[in-house]
Amino acid sequence: MPEIKVTPLGAGQDVGRSCILVSIGGKNIMLDCGMHMGYNDDRRFPDFSYITQNGRLTEFLDCVIISHFHLDHCGALPFMSEMVGYDGPIYMTHPTKAICPILLEDFRKITVDKKGETNFFTSQMIKDCMKKVVPLNLHQTVQVDDELEIKAYYAGHVLGAAMVQIKVGSESVVYTGDYNMTPDRHLGAAWIDKCRPDILISESTYATTIRDSKRCRERDFLKKVHESIERGGKVLIPVFALGRAQELCILLETFWERMNLKAPIYFSTGLTEKANHYYKLFITWTNQKIRKTFVQRNMFEFKHIKAFDRSYADNPGPMVVFATPGMLHAGQSLQIFKKWAGNEKNMVIMPGYCVQGTIGHKILNGQRKLEMEGRSTLDVKLQVEYMSFSAHADAKGIMQLIRMAEPRNMLLVHGEAVKMEFLKGKIEQEFSIDCHMPANGETATVTTNPSVPVDISLNLLKREMALGGPLPDPKKPRTMHGTLIMKENSLKLVSSEQALKELGLNEHQLRFTCRVQLQDPHSDPDTLNRIYTHLKSVLKGYTIQHLPDGTVMVESIVIKVSSSAEDTSTKVLLLSWSYQVKHFYFYNVISSNTRAVKRLILIAINRQISIVNHD
Amino acid sequence: FPRSEEAPAKKLRLSKPSKSAALHIDLCKATNSTDALQYLLHFARKPVEVESVEGVVRILLEHYYKETDNSVRLKIASLLGLLSKTQGFSPDCIVDDAINTLNNEKSHQVLAQLLDTLLVIGTQLPESPTVRQRLIEMACKHLSDTYFGVRNKCLKLLGCLGMADTPLTKDNDGPGASLGLLRDIQSIISDFFGDQDPRVRTAAIKAMLQLHERRIKIHEIIYDQACRLLSDDYEQVRSAAVQMVWVLSQLYPESIVPIPSSNEEIRLVDDAFGKISHMVSDGSWMVRVQAAKTLGSMLQVSHHFLEQTLDKKLMSDLRRKRTAHERAKELFTSGEFSSGRKWADDAPKEKLDTNTVNLIASGACGAFVHGLEDEMFEVRIAAVEALSQLARSSASFAEKCLDFLVDMFNDEIEEVRLQSIHVLREISTHITLREDQLDTVLAVLEDSSRDIREALHELICYTNVSTKECIQLALLELLKNLNKYPTDRNSVWKCLKFLGSRHPTLVLPLVPELLSTHPYFDTPEPDMDDPAYIAVLVLVFNAAKSCPTMPALFSDHTFRHYAYLRDSLSHLVPPLRLPGNGLDLVDSRCGSGSVESAQLFLQQSLNRVSTIQNLEAPGAQDLLNFTIRDLQRLGELQTELAGAADFCATYLRCQLLLMKALQEKLWNMAVPLCLKQNVTATAAAQQILEETYKLEFLYSGLESRQVATIHHVRLQAKALQLILTARTRQGLDPLISSCEKFLQDIESFQRLFVAELPHLQDSFVDKLLELMPRLSSCKPVEMVKILLATLRLSGLLQLRLPEQIHRATATIIEPTGESDNPLRFTTGLVVALDIDATLEHVQDPQNTVKVQVLYPDGQSHVIHPKPSDFRKPGPDRHRLITQVYLSHTAWTEPSQIEVRLLLAYSSSSTSLSSSSASKLGWSDSIDSLPPPEAAVEGTIPFSKPVKVYIMPKPARR
């Protein structure tokens with residue numbers, strides 16, 4: 001039985017450095033190649049030595065697919081391709097290809113220039129790496145080689161995020177990357193057709209959460225910001241430069257517009273400028289509203305949101321500032337936080353997930369005194385709010401995706417083990433399919449039962465259709481007759497005549513014969529004649545021929561008479577019919593007649609015997 | 001068949017005899033199939049008359065048998081279908097031929113087309129069961145075709161013609177057989193629910209739905225099959241299946257179906273509801289829209305199912321525990337999943353005992369939550385509408401869906417926001433807003449879109465609140481709104497009026513604070529022109545209406561302000577029973593007359609008038625005069641009856657005018673002596689004509705009876721005009737033509753109101769119609785004489801009042817005409833004037849309402865507002881918010897222009913729309929109809945003119 005093997009090098013029962021190896025139908029594919037935010041040592045990148053100890057990866061991998069531009073999905077890419085060595089194709093969508101190098105470069109700068117690490121990939125390496133990228137369009141089937149094909153589906157989550165279907169023959173795997181089943185202010189919801197893959201590899205960040213209605217969250221968020229502004233306070237929203245930030249910007253921008261608010265909104269970091277540019281460009285990847293209105297006004301051209309300057313933080317009066325990074329662990333968001341933390345009128349809103357050990361994580365857990373570098377402490381007086389704007393599917397969304405795709409097996413990655421366990425139970429219970437959750441380095445194996453395609457000649461098909469009963473009974477299997485020819489890796493079903501012709505064989509006739517002894521004093525031809533006339537009188541409506549060579553043919557059944565050597569009055573009747581006659585009975589109306597004829601002949605002959613005997 | 005209107009009638013007649021022959025020649029000439037196809041295509045563009053249809057069909061069939069090319073045969077088949085649709089042609093003569101061709105046809109495409117043709121024939125012959133029977137047999141025979149198109153058409157045919165309960169009397173099988181066939185048809189069709197082609201599956205469901213539409217009861221067994229199709233791979237199948245499941249749930253709501261994998265059972269409608277809810281998270285948005293819409297109409301669903309559609313945390317909720325008690329406890333307290341609202345509360349909790357049953361598929365829960373946050377706004381709107389329908393029928397559901405609707409106020413698409421506000425208004429009778437909900441609702445008052453704000457004001461008018469804090473909050477926000485958007489003044493005041501009158505007891509404790517009175521100290525008198533102060537007063541006075549203790553809290557100036565506001569804003573400030581000045585005048589006026597007595601009075605007045613037999617009867621004029629006066633007064637007093645009273649008064653005024661004009665002694669005088677008299681009579685005739693147009697077009701709710709009466713008056717006026725023309729003009733030629741025209745008028749009257757003629761006995765028209773043969777043959781002079789005599793002798797036609805009659809009214813809110821600052825602009829350029837008006841009881845305002853601008857020099861412009869400028873805030877109410885562009889040459893002084901609204905009418909539009917005429921016109925062949933009478937078009941001013949100061953300045957160079 002063929003097998004599909006899935007081995008996570010990262011993201012197995014863990015969040016971060018997504019990297020999953022899939023072997024399917026003799027092909028090896030790497031899905032995502034990310035880094036881990038929580039580590040600064042070798043654990044930061046996936047362990048590529050799992051694939052090969054030394055030597056390049058090219059010969060072991062058929063292709064690499066990147067689902068979206070977040071660093072935990074693409075951060076290790078230049079390291080893998082340039083430093084470990086991989087020259088094969090790397091697939092990603094157009095927006096990902098555009099934005100990914102910006103983030104990689106930013107990441108490189110922070111690690112090399114700020115932290116002073118050596119032995120890290122260089123700008124040139126990023127460029128070289130990006131040259132190996134083949135862009136993908138949504139729903140476009142790309143042939144990696146003759147057998148392997150991939151297809152991207154919309155995944156929501158961030159601009160350009162895609163789910164990928166990998167297909168070899170009739171076996172297939174779908175990898176979701178990160179996805180979102182509820183649309184937000186700038187992106188639509190993930191969508192997939194009923195592709196029924198053998199394995200669906202899904203993220204499970206929010207395996208145990210069913211989120212409130214999105215609008216509820218948005219309203220809460222806007223209300224909190226609005227109230228704080230009206231009080232004259234300052235609002236800090238730590239975000240990562242791309243993704244959630246744009247959604248929140250649009251949310252605040254439209255709210256400001258609708259409510260005619262005047263307080264300034266600032267956005268820190270120069271990275272955004274570049275990225276917003278791409279958001280403006282890739283309008284087709286956004287949601288219905290933005291797609292429909294961009295002719296009048298591109299929603300990403302913000303009216304109320306301006307670039308932030310460090311000096312603005314000390315300005316009096318209310319303001320809203322988006323600052324990076326999102327977990328308050330470093331950079332501008334941390335600086336602003338330190339400045340504003342002392343005033344209880346101010347507010348910090350954490351719109352997403354925070355990794356353990358970051359300041360974001362600490363303050364969310366209610367810590368009011370923070371230790372800073374240099375042994376100083378910081379009193380946190382401002383209000384701390386958490387608002388989940390992470391664009392990951394929640395438990396219900398995951399279930400919904402499973403329902404949409406109808407996979408035969410499930411495999412969970414990108415989540416915490418305990419939560420996965422819980423969801424696994426739910427999935428197995430609800431859909432009664434197997435669900436796997438391998439840890440990093442563990443291999444999950446799924447045996448598949450691929451269907452083998454066979455070519456059939458149209459003539460044969462039509463002939464068989466004509467023989468079968470009336471339509472419709474598509475669900476019932478139907479037997480048909482033909483010859484299966486295996487030749488040069490292809491299977492063909494042809495009619496037997498054609499098969500004989502192709503194979504250069506002669507047709508052999510198979511005939512059944514039976515002998516009937518009867519007592520008849522007449523000569524052989526007379527007996528035959530008597531049988532002939534008798535049959536003729538009994539079997540009306542059948543063709544009965546008396547052939548000159550001393551045989552009687554009833555349809556295709558041959559009757560011969562011979563007398564035994566010792567006793568001339570004992571005649572031996574030879575009945576002979578072909579193999580087909582018997583066989584055709586099963587499905588052919590004509591052949592059933594033939595069988596009836598045969599029986600009739602036998603009956604007739606038996607009676608004849610009695611007649612003869614009476615004489 | 002394309003019956004092109006522009007084809008001149010004469011040409012048709014000429015080509016008639018040669019139609020089939022020409023076709024025959026054309027087809028014979030065709031050397032190859034392409035040519036033949038061209039001829040056929042060309043032929044198809046022209047209409048064919050009823051008489052020649054059969055001939056053409058024969059020719060076509062003849063050619064059909066000879067033709068070898070599929071495309072030509074296909075075209076012929078489609079032509080046969082089109083021809084069978086020709087009105088007046090009965091296609092039973094071609095049934096045999098069509099069936100015959102069907103039997104010999106090999107091409108699948110042509111087969112499909114032929115079946116389509118058969119369907120047309122079948123639908124044209126609804127009365128012939130034998131034809132039906134044969135067609136159905138044909139369809140069944142071809143159902144096993146391998147081509148999907150043929151199967152599709154067969155199913156369609158079965159759906160459209162499948163026998164209902166018409167017994168086959170001719171056949172010896174008897175009615176029992178038809179019953180057998182009925183069952184057969186449904187099972188035959190349902191066999192194809194499992195067809196391999198999705199298009200055929202869709203066609204099968206559609207055919208089944210078609211049967212349902214033809215009132216054949218679908219069997220309950222179909223339900224299971226339809227449910228299976230809900231998970232089909234193809235969206236069109238799923239979409240049709242949703243409809244099918246819905247139909248069955250309406251047919252058998254109370255049937256019991258088992259829950260799979262358990263031994264429990266639920267009602268079918270609940271099961272269907274669950275399944276359709278599930279489809280709200282379907283992959284295709286078309287299906288989602290369909291499902292969301294459908295949910296709204298499933299009103300029989302049980303409560304606990306309904307409520308689950310609002311709770312997303314289905315996985316634990318939807319398991320039904322064995323006892324109902326446990327279940328109730330469980331319903332809204334799910335412990336298993338975190339909401340994502342709080343940090344770190346998503347650690348998995350203990351698993352619930354899973355020894356339970358899935359009540360409805362878990363995906364179905366929270367259907368509305370999903371629908372409301374769908375990506376496509378079409379789905380969201382459908383979900384909001386469905387919510388409103390369900391909420392209207394269930395108060396408890398209304399209560400629960402409140403939060404979700406309020407959330408929708410924050411949607412990104414304005415249409416959705418608006419819709420949800422409207423919906424909330426519709427269900428607001430069921431609900432009382434809590435403070436936090438009110439807070440969210442009121443937050444929208446700051447919205448910059450005027451539509452949204454006004455919809456919200458409308459909503460607040462109907463809202464119930466529970467505490468005095470809520471009132472205070474609402475007032476505060478409304479004042480803030482007033483401050484931010486001063487143009488909302490009227491709307492805000494109106495809103496406060498309702499808020500006050502709805503919650504008098506809640507306003508009472510707030511009064512001292514609101515009016516800033518103090519027990520010991522006099523407070524400064526607030527500014528009477530401050531809109532905010534007026535707003536507060538409106539609230540307080542309306543509350544005081546049903547709270548007699550409140551006026552005791554007022555200070556002196558409040559009473560003065562009351563008197564002022566009662567005069568200036570009487571529609572906002574109710575009459576109050578104030579201490580000291582006894583009963584208010586208004587109070588006594590309104591208290592006595594109820595609607596019933598007024599109605600009675602109206603009827604009595606009309607009855608009294610009807611006693612006038614003859615227009616010349618003595619005292620008749622006085623009676624009319626008094627009645628008109630009474631009616632006018634009644635209209636002022638009783639606003640509910642204003643429309644009816646006005647209508648009657650105007651009608652009677654017409655009669656009075658007519659009477660006066662006829663009663664003049666002038667008719668006996670010699671022509672030259674009565675020139676002056678003539679002038680008044682002419683003016684009267686003209687005025688009557690105008691009034692009749694007003695009567696016809698300004699009032700809504702008229703029935704054909706009243707329209708006939710109005711037309712009758714118009715005919716009388718026209719007769720009067722004709723007589724006057726005869727007397728004044730000397731020439732004979734113009735007289736002849738106007739006589740002819742009058743005769744035409746009579747004819748068209750007769751045509752239009754055939755049904756009404758019995759009610760018009762003894763009337764002018766009745767008599768004229770009797771004399772018709774004579775009139776049409778006699779000379780003009782004689783005719784005029786007859787007319788005069790009949791006119792004077794004919795009685796007053798009694799007016800019957802319809803149930804509801806409303807006068808179209810328009811009020812221009814903006815501009816107010818109060819501004820002293822002229823609008824200045826440069827000559828030759830334009831200035832935009834904002835117009836804001838409310839229209840009541842105007843039908844089709846997009847086409848009829850115009851804005852007229854009258855300049856001091858007599859120039860007038862009529863502007864057609866864009867259709868999008870009209871909004872419909874309520875039934876029979878429209879709002880026109882538009883801009884008109886003004887321009888003029890330079891003036892030296894600022895001067896006033898007048899702006900008013902006009903109601904445009906066209907008599908041709910009514911003659912077509914009135915019931916009898918419309919069908920007649922199209923079924924007759926065009927040339928048999930007389931040319932339509934020249935449409936009288938005109939406008940009626942129906943709003944008070946508003947004066948606006950403008951000042952075009954000469955351009956500076």
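Hi everyone, and thanks for coming. First, some ground rules. This is a predicted model, so local features need pLDDT of at least 70, side-chain atom pairs count only at pLDDT 80 or more, and totals for chains, interfaces and linings use all residues. Residues are numbered from 1 along each chain as its sequence is written, chains are lettered from A and ligands numbered from 1 in the order in which they are written, and side-chain values use heavy atoms, leaving out hydrogens and water.

Let's begin with a record. An unreviewed UniProt entry carries the annotation "domain: Metallo-beta-lactamase" for residues 16–229 of chain A. Such annotations may be inferred rather than shown by experiment, and their positions are given here in the numbering used for this model, with feature names shortened. In the model, that span is 28% helix and 23% strand, and its end C-alpha atoms lie 36 Å apart. Helices here are DSSP runs of H or I with at least four residues, strands are runs of E with at least two, and both are numbered from the N terminus.

Now to charges. Side chains of opposite charge can pair when their charged atoms come close. We call it a salt bridge when a side-chain nitrogen of Lys or Arg is within 4 Å of a carboxyl oxygen of Asp or Glu. How many salt bridges does a search of the whole structure find? Over all chains, there are 64.

Take one from chain A: A:Glu502 pairs with A:Lys492, with 3.5 Å between the closest N and O atoms. A:Glu502 sits in helix α14 (residues 496–503) and A:Lys492 in strand β25 (residues 490–494), so this pair ties together parts 10 residues apart in sequence. A:Glu502 counts as partly exposed because its relative accessibility is 31%, and A:Lys492, at 28%, is partly exposed too. For these words, buried means under 20% relative accessible area, exposed over 50%, and partly exposed in between, using a 1.4 Å probe and protein chains only.

Over in chain B, B:Asp232 and B:Arg201 meet in a salt bridge at 2.8 Å, N to O. This pair links distant parts of the chain, 31 residues apart: B:Asp232 is in the loop between α12 (222–229) and α13 (235–251), and B:Arg201 is in helix α11 (residues 198–213). Are these two residues buried or exposed? Both B:Asp232 and B:Arg201 are buried.

Next, the surface. Patches are made of residues with over 30% relative accessible area and no salt bridge; like charges are joined within 9 Å, and nonpolar side chains (Val, Leu, Ile, Met, Phe, Trp, Tyr) within 5 Å. Accessible areas come from the Shrake-Rupley method with a 1.4 Å probe, and for residues only the protein chains shown count as cover.

Which residues form a positive surface patch? They are A:Lys109, A:Lys114, A:Lys274 and A:Arg310. Lys and Arg count as positive, Asp and Glu as negative, while His and the chain ends are not counted. Each charge is placed at NZ of Lys, CZ of Arg, CG of Asp or CD of Glu. A:Lys109 lies in helix α3 (residues 94–114) and is partly exposed, because its relative accessibility is 43%.

There is also a nonpolar patch of about 400 Å², made by A:Ile456, A:Leu458, A:Leu461, A:Met465 and A:Met480. Helix α13 (residues 458–467) of chain A gives the most to it, with 3 residues. A:Ile456 is in strand β23 (residues 455–456) of chain A.
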